[in-house]
Amino acid sequence: MGLFGRSEKAAPKKDALSKRGEAHLAPRPATLTIGDLERALLKAFPADDAESWDRTGLLVGERSLEVTRVAVALDATPASIAEAAQAGANVLLTHHPAYLAAPDAFAPEPSAALSPGASVWAAIRNRVALMDFHTALDVSPAAARVLPGMLGLKFTGKFAEPLASTRRKGYGQLCEVPDNDGAPETLARLAARCTAVFGRASRVWGDGEREVRRAVTATGSAGPTGRAALAAGADVLICGEVKYHEALDLSLAGLSVIELGHDASELPLVAVLAEAAAAAGVPGDDIIVLDQSENWWYPEAVRV
């Protein structure tokens, strides 16, 4: 018997416990749930920054489920949802929301043109959560650097349309256009640079020989940013999309316009979302970027 009446045979059990190793005693890594991911992304892209009509955060899905993999895309279509599921992802993170007005019908169709809730049906069927950050991403500091950086423009840190809550965020990045070999850049050369960078011909409003020193960049639809750029004294607006009469009026008022294409201007924001997902704790190998760059194409000019 031992000193306190215990058998000496108890000692080996203590030794066996100590030999189980540090791995047994080390804390297990916490799992990342869909709710955790949403909370982390809402810190990067706060819902308060989004437009009142927008949808921000989780639209479809269960917050308590563990994240397996995350697919990232511009649009949540039934096709992209199926592709995400095939890649093993149970979250599809997009820029555009799957819907703005709540769907009033749900059916297994390939497009919302056939059933407003087609994407919601596909998400539930494939067990893929849908999460988006639309206008909250548009006004974020990370997004503000994208177009100026791609086009070699100097972002001044100011916006044509700053948010009411802070002048550090907003729509329409005010940029300086660097000289070309000591001479002011022209609209034609800047437009050619846009075509080279994005791989698609741009639609241009204005005199190609015009000198451009101040530019405003805006992803997606320009909306009121065009008028704000004009008021800010910009020479050119580089945007994803602009209405015909608005572009006509702006160009006649002295503001040239380079229209990149709505999706062409926003596809680079998918990389911003992917980086945000990684910062939220999703391993890089578990982030899949879906290619949606071929939704439309230009026919070649041929003689028939």
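Here are some friendly notes on the structure above, point by point.

1. **Ground rules.** This is a predicted model, in which local features need pLDDT of at least 70, side-chain atom pairs count only at pLDDT 80 or more, and totals for chains, interfaces and linings use all residues. Residues are numbered from 1 along each chain as its sequence is written, and side-chain values use heavy atoms, with hydrogens and water left out.

2. **The overall picture.** The protein has 13 helices and 11 strands, taken as DSSP runs numbered from the N terminus (helices are H or I, at least four residues; strands are E, at least two). Of its 304 residues, 44% are buried; buried means under 20% relative accessible area, exposed over 50%, and partly exposed in between, with a 1.4 Å probe and protein chains only. Among contacts (heavy atoms within 4.5 Å) with a separation of 6 or more, 62% join residues 24 or more positions apart.

3. **Helix α11.** Which residues of α11 are buried? In this helix, residues 244-252, they are E246, A247 and L250. These three cover an arc of only 95° around the axis, so they sit on the same side of α11; the arc is that of the directions from the helix axis to the C-beta atoms. An α-helix has 3.6 residues a turn, so residues three or four places apart point the same way.

4. **Around α11.** The buried residues of α11 pack against β7 (203-205), α10 (225-231), β9 (236-241) and β10 (256-259). On the face turned away from the buried side you will find the exposed residues H245 and L252. Just after α11, G254 takes a positive phi of about 110°.

5. K43 belongs to helix α3 (residues 34-44). Its relative accessibility is 72%, so K43 counts as exposed. K43 and A280 are 237 residues apart in sequence, yet 9.7 Å apart in space, C-alpha to C-alpha.

6. **The lining of the largest pocket.** This pocket is lined by 24 residues, with T135, D138, Y171, T219 and S221 nearest its centre. (On a 1 Å grid over the protein atoms alone, a pocket is an open set of points where a 1.4 Å probe fits, with protein on both sides within 12 Å along at least five of seven lines; lining residues have an atom within 4 Å of a point.) At least two lining residues come from each of α6 (135-138), β6 (170-176), β8 (214-221) and α12 (262-266).
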